[in-house]
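These are my notebook entries on one structure, written as I looked things up.

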Amino acid sequence: MNIHEYQAKSLLRDHGVPVSDGVAVTKAADAKNAAGQLDGPLWVVKAQIHAGGRGKGSFKEADAGDKGGVRLAKSVQEAAEEAKRMLGNTLVTHQTGPAGKQVNRIYIEDGSDIARELYLAILVDRATSRVGFVCSTEGGMDIEEVAAKTPAKILSFDIDPAAGYQPYHGRRVAFALGLEGAQVKQCVKLLANLYDLFVSKDMEMLEINPLVVTSSGDLKALDAKMGFDGNALYRHKDISELRDETEEDPKELAASKYDLNYIALDGEIGCMVNGAGLAMATMDIIKLYGAEPANFLDVGGGATKEKVTEAFKIITSDPNVKGILVNIFGGIMRCDVIAEGVVAAVKEVGLEVPLVVRLEGTNVEKGKEIINGSGLNVIAAHDLKDGAQKIVKAVKG
Ligand code: ADP
Ligand code: MG
């Protein structure tokens, strides 16, 4: 689960990490009052969406102006005007995809005098199975380019989970970032606080880009992105409350309500599969035969007819879906339950695209009977390869 910058900064502030003062607003009418609570002489007006690259993004609507999602203002009045221009409009960044995201909230904060922009992140590194710091002297809006062209400028330091964070980790990062004197001490403390916050809140990712050195020589977190482990949210009520469902893919949101493992993708073939491994293999083989999957979906082991029905509805609600492949290898999940769910869903929402069904395993005969007796226009497949070839042919001709 991800949260907004303004929420992440509030967590940072509470944990002793220096951030600017700021106020979040959802209505243009409140922006002037919000900006007036800050000292100036510089205000920064920031679109709050769950995506990075806001500074370099652009709005779809002309009335938003051509300045991107992070704007400087020299007066309270100007800050209020910029907030008004952005609110309700759609910001497109390299992370939002071409559809962009509607800006429903603006964070107005004190502008900082920046001497240097650094990059700092904490993440769970699967290669080392450890939590580690990632840092670079080349922070700011071009970090993706740095990673692509000069990866040696991005350094990683992992942390032994038994010993935990030690001041020497902080000193290493500080020296890697070219910090000097009092800044090294500040960095050691800042990283201790960040690491503590990361571990105590079960985060998956914490990114500060940029971490700046201000003109007075102090460190400050100027941007903050946080991602939390969904499996641990049950023990962090305070974090769960920060969830903003309007930022989530409506299909993924519906899937999470039914406890389905669903991830929306960009392709044209909807997949309904049981088991994560089979779901991955199904996506691979669709690609192999020249099409792209529209989703990852594992209906799981003990899915009910109702759950399968919901899953099918979610797949068909995606306008990109030009065909559906149901690929079930029944074990605990029985083929007849899947068949009943598919038939029920089609009766409810209709079927406007080709449907290929491959059933194998527990109760396969019963499952096939249900499908065949339903009168649905289903293309039967006898194995994974056959199923993939048939659906790709049905969609692509
Ligand atoms: P994003 O990463 O989504 O583009 P950031 O919050 O990192 O958004 O802002 C982009 C750039 O805007 C930063 O790299 C920094 O140069 C500038 N910026 C952001 N916040 C402030 C601030 N409070 N004061 C001064 N400049 C800022
Ligand atoms: Mg940033």
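**Entry 1, ground rules.** I am working with a predicted model, in which local features need pLDDT of at least 70 and side-chain atom pairs count only at pLDDT 80 or more, whereas totals for chains, interfaces and linings use all residues. Residues are numbered from 1 along each chain as its sequence is written, chains are lettered from A and ligands numbered from 1 in the order in which they are written, and side-chain values use heavy atoms, with hydrogens and water left out.

Along the principal axes, the C-alpha atoms fill a box of roughly 75 × 50 × 40 Å. Of the 397 residues, 49% count as buried; I take buried as under 20% relative accessible area, exposed as over 50% and partly exposed as in between, with a 1.4 Å probe and protein chains only.

Which residues coordinate ligand 2? I find Asn 209 through O and Asp 223 through OD, at 2.2 Å. Donors here are N, O and S atoms within 2.8 Å of the metal (3.2 Å for Na, K and Ca), and since water is not among the atoms, sites may look incomplete. The pair brings together distant parts of the chain, 14 residues apart, with Asn 209 in strand E11 (residues 203–214) and Asp 223 in the loop between strand E12 (219–221) and strand E13 (225–228). Both Asn 209 and Asp 223 are buried.

A polar side-chain atom of Lys 46 lies 2.7 Å from an oxygen atom of ligand 1, and one of Glu 109 lies 2.7 Å from a nitrogen atom of the ligand. Asp 223, which I had already listed at the magnesium ion, has a polar side-chain atom 3.0 Å from an oxygen atom of ligand 1. Taken alone, ligand 1 exposes 540 Å², and the protein buries 90% of that (areas by the Shrake-Rupley method with a 1.4 Å probe; for residues, only the protein chains shown count as cover).

An open sheet of three strands runs in the order E3-E5-E6 with antiparallel pairing, where two strands pair if DSSP finds at least two bridges between them. Strand E3 (58–59) and strand E6 (101–102) stand at the edges with a single partner strand each, so one side of each has no neighbour in the sheet. Two bridges join E3 to strand E5 (residues 90–92), and Phe 59 stands opposite Leu 91 in E5. Elsewhere, seven bridges join strand E17 (residues 323–330) to E18 in the parallel sense, with Leu 355 in E18 as the bridge partner of Ile 324. Five of the seven residues of strand E18 (residues 355–361) are buried, so E18 is largely enclosed by the rest of the structure.

I also looked at strand E14 (residues 261–264), which has a covered face, Tyr 262 and Ala 264, and an uncovered one, Asn 261 and Ile 263. E14 pairs with strand E16 (residues 295–298) in the antiparallel sense over four bridges, and Asn 261 has Asp 298 in E16 as its bridge partner.

**Entry 6, aromatic rings.** I found three aromatic pairs, taking rings of Phe, Tyr and Trp (its six-membered ring) as paired if their centres lie within 6.5 Å, with planes under 30 degrees apart stacked, over 60 edge-to-face and the rest tilted. Phe 133 and Tyr 165 are edge-to-face, at 5.9 Å centre to centre and 70° between the planes. Phe 133 is in strand E9 (residues 130–136) and Tyr 165 in the loop between strand E10 (154–159) and helix H5 (167–176), 32 residues apart. Both are buried, and ring pairs link Phe 133, Tyr 165 and Tyr 195 into a cluster.

Gln 7 lies in helix H1 (residues 5–14) and counts as buried at 10% relative accessibility; the Gln 7 side chain reaches the backbone nitrogen of His 4 at 2.8 Å. Lys 251 in helix H8 (residues 250–257) counts as buried at 18%, and its C-alpha is 5.9 Å from that of Ile 314, 63 residues apart in sequence.

Definitions and conventions. A polar contact is a pair of N or O atoms within 3.5 Å; within protein, one must be able to donate a hydrogen and the other to accept it, and residues adjacent in sequence count only if both atoms are side-chain atoms.
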